[in-house]
Amino acid sequence: MSRREELEALSSKELHDRAVRRAQKHLDVKFLWNLMKLVPAAEAGAGQEDQADYDVQHWSGLVADTFRDDDGPLSDALRPVYLEYLEKHTDG
């Protein structure tokens with residue numbers, strides 16, 4: 001039996017668990033980001049339009065918060081992250 005056939009025999013939940021666990025272990029941000037982009041469309045395709053809408057709004061809010069110019073508690077809470085990043089990258 002080929003590797004593909006072995007994987008095809010697994011449930012979707014087991015495939016999810018293995019893929020996400022592997023991506024987390026190896027810090028495969030590209031895979032995880034791609035998966036996050038695909039989830040709302042997959043939910044809509046599975047007939048879960050309300051959940052898809054919620055996910056798009058939720059993730060849109062997180063992305064907006066990431067790039068928002070904030071001179072308040074959010075910036076203060078993320079200050080150590082900004083400091084560490086700028087210490088590593090002197091062109092910032």
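Biologist: What makes R4 and E8 exposed?

Modeller: Both R4 and E8 are exposed, a term for residues with over 50% relative accessible area, whereas buried means under 20% and partly exposed lies in between (1.4 Å probe, protein chains only). The model is predicted, so local features need pLDDT of at least 70 and side-chain atom pairs count only at pLDDT 80 or more, while totals for chains, interfaces and linings use all residues. Residues are numbered from 1 along each chain as its sequence is written, and side-chain values use heavy atoms, with hydrogens and water left out.

Biologist: Why is the contact between R4 and E8 called a salt bridge?

Modeller: A salt bridge requires a side-chain nitrogen of Lys or Arg within 4 Å of a carboxyl oxygen of Asp or Glu. The N to O distance for R4 and E8 is 3.0 Å, and the pair therefore meets that criterion.

Biologist: Why are R4 and E8 separated by about one helical turn?

Modeller: They are four residues apart in helix α1, residues 3-8. Helices here are DSSP runs (H or I, at least four residues), numbered from the N terminus.

Biologist: How many salt bridges does a search of the whole structure find?

Modeller: The search finds five. Among them is the bridge between E14 and R18, with closest N and O atoms 2.8 Å apart. E14 and R18 are four residues apart in helix α2 (residues 12-25), and therefore about one helical turn separates them. Another joins R22 to D28, at 4.0 Å.

Biologist: Why does E14 count as partly exposed?

Modeller: Its relative accessibility is 26%, and E14 therefore falls in the partly exposed class. R18 is also placed there because its value is 38%. For the other pair, R22 is partly exposed at 46%, and D28 at 28%.

Biologist: Which residues make the nonpolar surface patch?

Modeller: V29, W33, V63 and F67 make the patch, of about 460 Å². Patch residues have over 30% relative accessible area and no salt bridge; nonpolar side chains (Val, Leu, Ile, Met, Phe, Trp, Tyr) are joined within 5 Å, and like charges within 9 Å. W33, in helix α3, has a relative accessible area of 44%; this value therefore passes the 30% cut-off. Helices α3 (29-45) and α4 (49-67) each supply at least two residues of the patch.

Biologist: Why is α3 called roughly antiparallel to α4?

Modeller: Their axes come within 6 Å and cross at roughly 150°, which makes α3 roughly antiparallel to α4. Angles over 145 degrees count as roughly antiparallel, under 35 as roughly parallel, 65 to 115 as roughly perpendicular and the rest as oblique.

Terms used:
Areas by Shrake-Rupley, 256 points an atom, 1.4 Å probe, with all protein chains shown as cover. Axes fitted to C-alpha atoms, helices over the stretch in contact; angles between N-to-C directions.
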